[in-house]
Amino acid sequence: MSKRALITGVTGQDGTYLTELLLEKGYAVHGITRSLSAESTLLFRQLIPPGAPFELHQCDLTSKQAVKRLCQDVEPDEIYNLASQSHVGESFNNPLETLSANATATLILLEAVREFDKHGKEVRIYHASTSDMFGSPDNYPQTEKTRFHPRSPYACSKIYAFHQMVNYREAHGLFACNGILYNHESPRRPERYVTRKITMAAAKIAAGLQNELTLGNLDVGRDWGYAKEYVVAMWKMLQQATADDYIVATNEWHTLEEFLERAFHRVNLNWKDHVRQDPAFMRPAEVTRLQGDYSKAKEELNWEPTVRFGELIDLMVDADVALLKEHA
């Protein structure tokens, strides 16, 4: 009998790649979305091969009873908790909504898993943590032992969820893993995120469809990787003999200006001719140098990134150029 996986946030960037991976591995996949009629859900359905063992469910993850009923119906072997309010800037405007979506929902899932455990069924659960929990770290690159110093309501909510995963693992013996993922991008990243905003703008400006790009603080940097590779690490975590937490990163740090330069160069443009700054886009507090050491994942999961910074940006720009041509 094939394994059954339940994925929250299934229509997001990571959810789509993870669904494809698990289907390839012979899983029966169940996905959760907030709305079956949302545009992202309709686009997601186009990625699923006809006849694939996949079912989509609408569920409010902040409702204990709704989550309990769904888990009882699906009886998953593995749960991948990818759903969250993950836009850092938005978390400053809606901190309570962010806390509910990221912290309360995770706790409700853990309670559902604990209920299975009481009846003798092991359900393994993965939670998508984030490098933003480190915020302003004491050292770089960061390891799993680096202390947390959050710089946003988003990061604070994720730290709560992280510690609840550890607590349920230690107090109740659940197979619960945190994946501390650093920024990971792809052509499936929504355009409200700065990386996709940049690659799409470069493509549109090159095509004469846009004149300029407005951004906030350019004096920032990140450890950027490829989302399609990062979901493999998620899966590997739940295949281990013992549950643990892992950093998933590239151990490279690049500035946003480097990202701009590479993206615009891909379409033979100079970013300085087209980008302007607007203080309205700047956050009240910004993280410092987030750079992840993935040594533990390499040693224990046999995972390491292969798509590096420049190749990732080229991949995204090329995809956006092709997308514009397709809809021309």
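User: In what order do the seven strands of the open sheet stand?

Analyst: This is a predicted model, in which local features need pLDDT of at least 70 and side-chain atom pairs count only at pLDDT 80 or more, while totals for chains, interfaces and linings use all residues. Residues are numbered from 1 along each chain as its sequence is written, and side-chain values use heavy atoms, with hydrogens and water left out. Strands (E, at least two residues) and helices (H or I, at least four) are DSSP runs numbered from the N terminus, and two strands pair if DSSP finds at least two bridges between them. With parallel pairing, the order of the open sheet is E3-E2-E1-E4-E5-E6-E11.

User: Which strands are the edge strands, and what is the average twist from one strand to the next?

Analyst: Strand E3 (54-58) and strand E11 (246-248) each pair on one side only, which makes them the edge strands. From one strand to the next, the twist averages 20°.

User: Which residue of E6 stands opposite alanine 128?

Analyst: Strand E5 (residues 124-130) and strand E6 (residues 176-181) run parallel and are joined by six bridges. Opposite alanine 128, the residue in E6 is glycine 179.

User: What angle does the direction of H1 make with that of E1?

Analyst: H1 packs on the sheet, where it touches strand E1 (4-8), strand E2 (28-33), E3, strand E4 (78-81) and E6; contact here means heavy atoms within 4.5 Å. Axes are lines fitted to C-alpha atoms, for helices over the stretch in contact, and angles run from 0 to 180 degrees between N-to-C directions. For H1 and E1, the angle is about 175°.

User: How many residues of E1 are buried, and which residue is the bridge partner of arginine 4 in E2?

Analyst: Buried means under 20% relative accessible area, exposed means over 50%, and partly exposed is in between, using a 1.4 Å probe and protein chains only. E1 is largely enclosed by the rest of the structure, because four of its five residues are buried. E1 and E2 pair in the parallel sense over five bridges, and the partner of arginine 4 in E2 is alanine 28.

User: How are the rings of tyrosine 17 and tyrosine 226 arranged?

Analyst: Rings of Phe, Tyr and Trp (its six-membered ring) pair if their centres lie within 6.5 Å, and planes under 30 degrees apart count as stacked, over 60 as edge-to-face and the rest as tilted. The whole structure holds 10 aromatic pairs, and in the one formed by tyrosine 17 and tyrosine 226 the centres are 6.3 Å apart with 70° between the planes. The pair links distant parts of the chain, 209 residues apart, with tyrosine 17 in helix H1 (residues 13-24) and tyrosine 226 in strand E10 (residues 225-226). Their arrangement is edge-to-face.

User: Is threonine 143 buried, exposed or partly exposed?

Analyst: Threonine 143 is found in the loop between E5 and helix H6 (153-172). Leaving aside its neighbours within four places in sequence, threonine 143 is in contact with Phe134, Ile247 and Asp293. Its relative accessible area is 28%, so threonine 143 is partly exposed.

User: How far does helix H7 reach from its first C-alpha to its last?

Analyst: Helix H7 (residues 194-206) has 13 residues, and the expected span of a helix is 1.5 Å times one less than its number of residues. The expected value for H7 is 18 Å, and the reach is close to it, at 18 Å.
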